[in-house]
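I opened this notebook to record, entry by entry, what I looked up in the model. Each entry keeps to one topic.

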Amino acid sequence: MAASSKRWVPLEANPDVMNQFIWGLGVPLHEAEFNDVYGLDEDLLQMVPQPVLAVLLLFPYSAQLEAERKAEEEQASGTSKQDHSKKVYYLKQTVANACGTIGLLHAIGNATSEIDLIEGSYLDRFFKSTVNMNPFERAAFLEEDREMEDAHSIAASAGDTEASSNVNEHYVCFTCIDGQLYQLDGRKNQPISHGPSSRNSLLQDAAEVIKAFIQNNPGSTSMLWHSPRKRNNPKSGEIIQ
């Protein structure tokens, strides 16, 4: 599936912006929220509110990383696809600068068993409409979805920095499904498994993958990571940015 000619304004890596975005789309205020992760050392990870449902990572996207992605696709084209749980909700990115919103959809879409979305809300309708689609069909559905495009535009304009479509940064999501840590990157053709994980160790396991990424890409120093988590009440969860 070819990339779209559409180009959205990037979503700022700001928990306040992300929270208003997801709450407006159907995540109840008491159910989940985004929080900053201030570092990858264990002491800093311990400061993150629990339980963590997903981790979003924002990093500079370089020509080297794009070349590596294309090489991975060419290498995988003649081999069987990596096995992954059928429970993983994954969609391909075809709209430029939509990676922030796709990261949010990956985070929430893989936590619907723990987050009670408002019935009839945008997210409730989106996930019910796309549940039986493949990643490319979901991408086409999102590309034509004017309601999400408008909501993304409003959220992108709510940040502290001046909105610009000329950026080279990219969001990916880490989440745990069926005891495996998955990296969900809309630029890839499929989810990537990083081995065993659990809800209790998700943050630490994702941190180890991110540490290795930084080591292999020493120029990627301006990274931000956030985690959505369930909030601390009988029906809650949190997502970390």
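This is a predicted model: local features need pLDDT of at least 70, side-chain atom pairs count only at pLDDT 80 or more; totals for chains, interfaces and linings use all residues.

Entry, overall make-up. I looked up the secondary structure and found eight helices and seven strands. Of the 241 residues of the protein, 52% count as buried. I then turned to the contacts with a separation of 6 or more, and residues 24 or more positions apart account for 72% of them.

Entry, helix α1. How many residues of α1 are buried? I find that eight of the 11 residues in this helix, which spans residues 15-25, are buried, and I describe the helix as mostly covered. The buried residues I wrote down are Pro-15, Val-17, Met-18, Asn-19, Phe-21, Ile-22, Trp-23 and Leu-25. I reminded myself that an α-helix has 3.6 residues a turn, so residues three or four places apart point the same way.

Entry, the ends of α1. At the start of the helix I looked at Asn-14, where a side-chain oxygen comes to within 2.9 Å of the backbone nitrogen of Asp-16. Just after the helix I checked Gly-26, which takes a positive phi of about 135°.

Entry, α1 against α4. Helix α4 covers residues 99-109, and I find that its axis and that of α1 come within 12 Å and cross at roughly 60°. I recorded the crossing of α1 and α4 as right-handed. For the residues that meet there, I have Met-18, Phe-21 and Ile-22 on the α1 side, with Thr-101, Leu-104 and Ile-108 on the α4 side.

Entry, Thr-130. Is Thr-130 buried or exposed? With a relative accessible area of 0%, Thr-130 is buried, and I place this residue in helix α5, residues 122-130. Its side chain makes a polar contact with the side chain of Tyr-89, at 2.6 Å. Leaving aside residues up to four places away in sequence, I find that Thr-130 touches Tyr-89, Arg-138 and Phe-141.

Entry, cysteines. I looked for disulfides and the structure holds zero. I then checked accessibility: Cys-99 is at 7% relative accessibility and, because this is under 20%, counts as buried. Cys-173, with a relative accessible area of 0%, is buried as well.

Methods:
Residues are numbered from 1 along each chain as its sequence is written. Side-chain values use heavy atoms; hydrogens and water are left out. A disulfide is a pair of cysteine sulfur atoms within 2.5 Å. Buried means under 20% relative accessible area, exposed over 50%, partly exposed in between (1.4 Å probe, protein chains only). Helices (H or I, at least four residues) and strands (E, at least two) are DSSP runs, numbered from the N terminus. A polar contact is a pair of N or O atoms within 3.5 Å; within protein, one must be able to donate a hydrogen and the other to accept it, and residues adjacent in sequence count only if both atoms are side-chain atoms. Contact means heavy atoms within 4.5 Å. Axes are lines fitted to C-alpha atoms, for helices over the stretch in contact, and angles run from 0 to 180 degrees between N-to-C directions. A crossing is left-handed if the near helix is turned anticlockwise from the far one by less than a right angle, and right-handed if clockwise.
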